[in-house]
Amino acid sequence: MRHIPSRAALAAKFALALALPLAGLPALAHAAEAECAQIKIDPKPVLDPLEIVTAKGVLAFQVEVARTNDQRTQGLMCRKSLPEQGGMLFDFKVDQPVYMWMKNTLIPLDMVFIRADGSIARIAAMTTPLSTETISSGEPVRAVLEIGGGEARRLGIKAGDRVAHAMFPAK
């Protein structure tokens with residue numbers, strides 16, 4: 001006969017499973033705070049126009065572009081907010097598998113993985129702030145667009161939609 005745990009026992013195990021990862025958050029937040037004190041964030045970054053063509057229409061964004069290794073490494077670390085339809089576009093210059101993380105990133109983000117032709121390969125939604133877990137593109141991509149967590153769903157952005165920006169050839 002198989003033992004079936006009670007609802008109370010299952011609830012206790014679930015609560016413990018949630019509590020263990022969260023127990024480390026204060027330490028992660030403290031470490032991030034110390035590192036963020038060393039990072040300079042441009043108060044007036046240069047913004048590029050970017051559009052995403054969805055089934056519902058064209059969405060206009062204003063994004064920072066991370067073109068250098070230093071810019072890509074810092075990304076959106078230490079930001080406390082992100083404007084609606086704002087974000088950061090990471091240019092990897094060539095198609096390649098890409099692995100991102102959320103170290104020292106204080107806000108949840110949606111990561112939009114973009115092929116060289118401007119089509120969206122996949123979206124990693126609501127990524128976890130401060131996490132060092134890698135987030136894979138799943139295939140070679142040219143760029144990643146980071147926008148506010150939940151914004152892709154709210155705006156109806158899906159895999160297969162097209163991104164228009166100077167780095168992608170016009171069709």
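1. The link of C36 and C78 is left-handed, with -90° about the S-S bond. The sulfur atoms of C36 and C78 lie 2.0 Å apart, and one disulfide is counted (a pair of cysteine sulfur atoms within 2.5 Å). C36 belongs to helix α2 (residues 25–36), whereas C78 sits in the loop between α3 (69–74) and β3; the two are 42 residues apart, and the pair links distant parts of the chain. Both cysteines, C36 and C78, are buried (under 20% relative accessible area, with a 1.4 Å probe and protein chains only).

2. This is a predicted model, in which local features need pLDDT of at least 70 and side-chain atom pairs count only at pLDDT 80 or more, while totals for chains, interfaces and linings use all residues. Residues are numbered from 1 along each chain as its sequence is written, and side-chain values use heavy atoms, with hydrogens and water left out.

3. The protein chain has a mean pLDDT of 84, and 80% of its residues reach 70 or more (pLDDT is the predictor's confidence in each residue, from 0 to 100). Over residues 1–22 the pLDDT is below 50, and this stretch has one contact in the model beyond near neighbours in sequence (contact: heavy atoms within 4.5 Å). Where pLDDT is low, the predicted coordinates should not be read in detail.

4. The protein chain holds four helices and nine strands, in the sequence order α-α-β-β-α-β-β-β-β-β-β-α-β. Both are DSSP runs numbered from the N terminus: helices are H or I of at least four residues, strands E of at least two. Of the 171 residues, 39% count as buried. Among contacts between residues at least 6 apart in sequence, 71% join residues at least 24 apart.

5. Strand β3 (residues 86–96) runs parallel to β2 (residues 57–66), joined by five bridges, with M88 of β3 opposite E64. β3 also pairs with β8 (residues 141–148), here in the antiparallel sense and over five bridges; F90 stands opposite V144 in β8. Pairing requires at least two bridges found by DSSP between the strands.

6. α3, β3 and β4 (99–100) each supply at least two residues of its lining.

Key:
Buried means under 20% relative accessible area, exposed over 50%, partly exposed in between (1.4 Å probe, protein chains only).
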